[in-house]
Each structure stands twice: as C-alpha cells, then as structure tokens.
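Hello,

Here is the structure I promised to pass on to you. Have a look at it first, and then read my notes below.

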Amino acid sequence: MSGQEIGPVLRLRGVGARLGERDVLRDIDLDVPVGTSLGIVGVNGVGKSTLLRILAGVLRPTTGHSYLADSSGVLRETSRTSSRERSRRLAYVPQEEVASTELLVGEMVALGRVPRTRPWARGGTQEREIVRAALDAVGLADRIDDPCDRLSGGERRRAVMARGLAQECPVMLLDEPTNHLDVAWQLRLLQTVADRAETLVATIHDLDLALRSFDRLAVLGRPQGSDPDTGPATVVAHGPPAEVLDAISVDLHFGVGSVQVTHPHLAQPHLLIHPRKDHSA
C-alpha cells in the first residue's frame, strides 16, 4: 500500500442498519486511514456485506452517518456525494456480482471507465490499454475479445475485479474477493489489489489469509448479552491483525481454538485453527 496515514478516507459514526424487520448493525464507529488496508472479518450472516455497502454509499445507514473524503481530503457525508464523484473516488465490487454473459470481456471491464470518461472518449486506444492492463493484472488479457459466457466461474470473478481496477480509484472496497478462486489466485489477487489501490477495505472469511494480508482488521460481532444469532452487530475488535486474532479473541468471536505460528522460511504469521476445547470438562 502507498500513502501515509494523514487522515481517514472513510468514516462511520454511530452507524446502524435495519433490513426489513431486523436490526443488522448498531453503534458502529470506524475510521479507515488513507493508505491502509483494512480487513473486515466475522461469522457468516453477521452483517459484513451490509457494512461494506454502507461504506461504499450504495446503502444508507438507518442511523448515524457515513463519510467519504474528497480529492482534497475533506470528509463529506457519503449520501451527499454524487454517484459519479463516488465512482471516481472508490471502486466497489460486490460479493455475488458476475460478468454479464451478453458482453465481451473487454466491454464488461470497460464499464469501469464510465465515471472517468465522456461518451465520445470511450473506446479509444488509451482506454483500451487501461482495460487490457486491468485484465492482464488478473491473468485474462488474452480473453479481452471473448464473450463473458465462455469464462469459468473463477475467471468471471477475476473479470469483475478487473472492472474495479479499471476505475483507477484511490479506494477499493471488495466483498469476499477470494470467493470462487483457487489458492494461487487468492494470494495473487490480494497482492495485485494491494499494489494498485491506495486504500483497501475487504471483507474476508479466511482468518489465516486475513492475518497476513492486511494492515488492520475489524471484527464484526454481536456483543455479549445480545442474541447470538439475530442481535445487531457492531465492531467488537479493531487493530493490528496479530492482536485482533489472538487466541482469546478467536475463541470468543469465532468459537474455535487457534494458535499463531511463524512460517519457517517467510517470516510471516499464520493462524492454525482447531476445534475449541470443551471448557466444561
């Protein structure tokens, strides 16, 4: 990641979200400094995707406020920022979105250029090179003129990521970016995005990958005393990955045992997961 921590590019204050009859999120305060990578982790169904949608400005919080910094670093309420300006500042790639089968791969990725170009400027040599470079970053440059329906599931996911890269935004928000990808591409894709985005926020379910892929982690969970299955979630831990994913926190928030070990050759941490011990024994 590039840049210095000169201030937050994204901020949430007192944010809550209600979907239908259910309160999903409550009382969330979160700053994402410029130039950092933040991983959002938590159990299935806790509201990670909802939180990311609020950060991206595609969902308004039911309570509280969401802010996005403009090009001068001034925080402005996200709901008062035009969709075009948001699309120039941040690229958001949802979890389940797949490439349209009606488009060529290059056409689909070129949609990421819409916020940055005028209609008469689209399709030129420079724009095509940007699209090709984005596809090359995800290993699909040779598929630029193929129909999207000829891609495998994992390739379609990578093509959608290429569209996000083609936006050339300083902030990228990714919902479970490693879903449907094999291990080699999980590692390569996270590194590619980290190298290209100034600031990265991603939800991720693989705790070992989260431990070694981000500057900071935020754990989304239900506070003690609330309904463990349906109660609203909040940020229950936030900080350096090794601290956030210590054995006590992993046991408390994920219900499994764990131990952090150092790779014998790469000097990087890994998280080994095992069934939690029966504390009643």
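**The sheet and its helix**

Strands E1 (residues 8-19) and E2 run antiparallel and are joined by eight bridges. Within this pair, Leu-10 stands opposite Val-32 of E2. Please keep in mind that this is a predicted model.

The pair belongs to an open sheet of four strands, ordered E2-E1-E4-E5 with antiparallel pairing. Strand E2 (22-33) and strand E5 (75-77) are the edges, each pairing on one side only. From one strand to the next, the twist averages 25 degrees. Helix H1 (residues 48-56) packs on this sheet and touches E1, E2 and strand E4 (63-69). The direction of H1 makes about 125 degrees with that of E1.

In soluble globular proteins, nonpolar side chains tend to be buried together. Here the largest nonpolar core has 47 residues, and Val-109, Leu-135, Met-172, Leu-174 and Leu-245 touch the most other members. Helix H5 (residues 153-166) gives the largest share of this core, six residues.

What does Leu-174 contact, leaving aside its neighbours within four places in sequence? Its partners include Leu-52, Val-93, Met-161 and Val-193. A second, separate core of 30 residues includes Leu-30, Leu-38, Ala-69 and Val-171.

**Helix H9**

Finally, look at helix H9 (residues 247-254), where Ser-249, Val-250, Asp-251 and Phe-254 are the buried residues. They pack against several elements, among them strand E3 (37-41), helix H7 (207-213) and strand E12 (269-275). Just after H9 comes Gly-255, with a positive phi of about 70 degrees.

Enjoy exploring!

Key. Residues numbered from 1 in each chain as written. Predicted model: local features only at pLDDT ≥ 70, side-chain atom pairs only at ≥ 80, totals over all residues. Heavy atoms only, no water. Buried < 20%, exposed > 50% of the residue type's maximum accessible area, 1.4 Å probe, protein only. Helix = DSSP H or I, 4+ residues; strand = E, 2+ residues; numbered from the N terminus. Contact = heavy atoms within 4.5 Å. Pairing = 2+ DSSP bridges. Axes fitted to C-alpha atoms, helices over the stretch in contact; angles between N-to-C directions. Core = buried A, V, L, I, M, F, W, Y, C linked by side-chain atoms within 4.5 Å.
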